[in-house]
Every structure is written in structure tokens, then in C-alpha cells.
Amino acid sequence: QVQLVESGGGLVQPGGSLRLSCAASGSIFSINAMGWYRQAPGKERELVATITNGGSTHYTDSVKGRFTISRDNAKNTVYLQMNSLKPEDTAVYYCCADRTPYAVLTNTARSWGRGTQVTVSS
């Protein structure tokens, strides 16, 4: 099993920045891809960004140019740098991981964290 713990959420003003972290533990050898999803109140969980062990990344259109996903394999941690934040970015952000990149990309990953709240408001 893989355990994921997110951190770094909080309250930020529009235009501000936050960096989320997701630390993985357990059967980390089984992880080939990780990703970030978010869920706003009353909405379905949506993909934000994914990254494979090889470093390939994918972003949803609404965050391209503003968010950057990265990973530190030595620390078993994936990051989400969020810049130029907008009120519509407000959501609970979830980290996920799976053996297959396709599962991470399609919201069917086996391992999920509990989420961290991001609120963008003045």
C-alpha cells in the first residue's frame, strides 16, 4: 500500500502563490505516476496535473502557464507550484498515485491522500 500526505494549503489573495507538497510512503516502488486533483464545493473532482517517473507532465487547460508539477524522487515527494491564483482555483486539492499513468490521468488511481484546502480570496 501507498500512503500519501498533502500539505501546503491555505488562504491566499488573488494573484498570490502557494506550493503544495505530497509525501509518499509505503510501497513507493510501485508508483509510476502521481498527480493532483481538486474538488470545489458542489462540483466533481477534476484533474489538475500529472507527472510520471520519467518526468512527463500533463496539465488541465485552466492551469497551464500558472501551475507547475514536479517531483523529488529522493524525498518521495511531488509538488504543485501554483502561481497567479484565481478565486476559481479554490478547492480541496488531492494527491494521487498509481502504478499506471493512465489511472492517474483518468481519476482511477489506487492511492489518494486526504486533501488540503486552498482558498483564494481577498
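I began at strand 11, where I found that Val-118 is the bridge partner of Ala-91. I am working on a predicted model, in which local features need pLDDT of at least 70 and side-chain atom pairs count only at pLDDT 80 or more, while totals for chains, interfaces and linings use all residues. Residues are numbered from 1 along each chain as its sequence is written, and side-chain values use heavy atoms, with hydrogens and water left out.

**Strand 9 and its partners**

I took strands as DSSP runs of E with at least two residues, numbered from the N terminus, and I called two strands paired if DSSP finds at least two bridges between them. Strand 9 (residues 91-98) runs antiparallel to strand 11 (residues 116-120), with three bridges joining them. I then looked up strand 4, which is also antiparallel to strand 9 and is joined to it by seven bridges; here Arg-38 has Tyr-93 of strand 9 as its bridge partner. Two bridges join strand 9 to strand 10, again antiparallel, and Ser-111 in strand 10 stands opposite Ala-97. For burial I used relative accessible area with a 1.4 Å probe and protein chains only (buried under 20%, exposed over 50%, partly exposed in between).

**Rings**

I searched for aromatic pairs among the rings of Phe, Tyr and Trp (its six-membered ring), with centres within 6.5 Å and with planes under 30 degrees apart counted as stacked, over 60 as edge-to-face and the rest as tilted. The count comes to one aromatic pair. Tyr-37 and Trp-112 form this edge-to-face pair, at 5.3 Å centre to centre and with 65 degrees between the planes. The pair links distant parts of the chain, since Tyr-37 lies in strand 4 (residues 33-39) and Trp-112 in strand 10 (residues 111-112), 75 residues apart. Tyr-37 counts as buried at 2% relative accessibility, whereas Trp-112, at 24%, is partly exposed.

I also checked for charges over rings (NZ of Lys or CZ of Arg within 6 Å of the ring centre and within 35 degrees of the ring normal). Arg-45 lies over the face of Trp-112 at 3.7 Å from the ring centre, and Arg-45 lies over the face of Tyr-94 as well, at 5.9 Å.

**Pocket lining**

The lining includes Ala-97 and Ser-111, along with Asp-98, Arg-99 and Arg-110.

Methods: On a 1 Å grid over the protein atoms alone, a cavity is a set of points where a 1.4 Å probe fits but cannot get out, and a pocket is an open set with protein on both sides within 12 Å along at least five of seven lines; lining residues have an atom within 4 Å of a point. Helices (H or I, at least four residues) and strands (E, at least two) are DSSP runs, numbered from the N terminus.
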